[in-house]
Amino acid sequence: MELIIFIGIPASGKSTFYMQNFFHTHVRINLDMLKTRNRERRLLEYCFETKQRAVVDNTNVKKEDRADYILQGKANQFKIVGYFFKADVRTCVERNSARAGKQQIPLVGIYSKAKQLELPSYHEGFDQIFYVNSLEEGFIVKNFIDRSM
């Protein structure tokens, strides 16, 4: 039983990483798709009840954004894994400009999330944290070094 929490600003590669690595094994919990916190909460509860692995594919840039997911996951005996997507704002703006229609995020959204970004820490309750660097040809995933410890 595993709950994965993605952490990263918009257009940093989170959803693409999900599709390439977890599509066949984990339910995707994404507020952009589900539209309301109630739907998100209900799907997450269902995953806990059925012991289904899940990925929270939201920005989760602040510790407070991640806290409830971690608390719920721990209460349901899930392993909590964080994936921190390191991406510079310029690259995210470029990726975002290639998106079409409603997939494109207003630039203020990218810049504001970048300002709010707090590095994850094992002190939050993660059992494991990975650092993800998005490259043109794919992703590099490394163990995260928690400098706060």
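Visitor: Which residues are in contact with threonine 25, once its neighbours within four places in sequence are left aside?

Guide: Threonine 25 is in contact with Gln52 and Arg53, where contact means that heavy atoms come within 4.5 Å. This is a predicted model, in which local features need pLDDT of at least 70 and side-chain atom pairs count only at pLDDT 80 or more, while totals for chains, interfaces and linings use all residues. Residues are numbered from 1 along each chain as its sequence is written, and side-chain values use heavy atoms, with hydrogens and water left out.

Visitor: Why is threonine 25 called partly exposed?

Guide: The relative accessible area of threonine 25 is 32%, and a residue is buried under 20%, exposed over 50% and partly exposed in between, for a 1.4 Å probe and protein chains only. The value falls in the middle class, so threonine 25 is partly exposed. Its place is in the loop between α1 (14-21) and β2 (27-29), and its C-alpha atom is separated by 26 Å from that of isoleucine 145, which lies 120 residues apart from it along the chain.

Visitor: How do you know whether phenylalanine 84 is buried or exposed?

Guide: Its relative accessible area is 2%, which is under the limit for a buried residue, so phenylalanine 84 counts as buried. Phenylalanine 84 sits in strand β4 (residues 79-86), and, apart from neighbours within four places in sequence, it is in contact with Ile7, Leu117, Leu119, Pro120, Phe130, Tyr131, Val132 and Phe144. Serine 12 is 72 residues from phenylalanine 84 in sequence, with 9.8 Å between their C-alpha atoms.

Visitor: Why do arginine 66 and threonine 59 carry the label buried?

Guide: Arginine 66 has 0% relative accessibility, and therefore counts as buried; threonine 59, with a relative accessible area of 17%, is also under the cut-off and is therefore buried. Arginine 66 belongs to helix α4, and its contacts beyond four places in sequence include Ile5, Glu118, Glu124 and Phe126. Threonine 59 is found in the loop between β3 and α4, where, not counting residues up to four places away in sequence, it touches Phe6, Ile7, Gly8, Ile9, Pro10, Lys14 and Lys113.

Visitor: What makes a set of residues a nonpolar core, and which members touch the most others in the largest one?

Guide: A nonpolar core is a set of buried Ala, Val, Leu, Ile, Met, Phe, Trp, Tyr and Cys residues joined through side-chain atoms within 4.5 Å. The largest has 18 residues, of which Leu3, Ile5, Ile29, Leu44, Tyr69, Ile80 and Phe126 touch the most other members. At least two residues of this core come from each of β1 (2-7), α3 (37-50), β3 (54-56), α4 (63-75) and β4. A second, separate core of eleven residues includes Phe17, Tyr18, Phe22 and Tyr83.

Visitor: Why does the radius of gyration of the chain agree with that of a compact globule?

Guide: The radius is taken over C-alpha atoms, and the globule rule is 2.2 Å times the number of residues to the power 0.38. For 149 residues a compact globule would have a radius near 15 Å, and the protein chain has 15 Å, so the two agree. The C-alpha atoms fill a box of roughly 40 × 35 × 30 Å along the principal axes, and 41% of the residues count as buried.

Note on methods. Helices (H or I, at least four residues) and strands (E, at least two) are DSSP runs, numbered from the N terminus.
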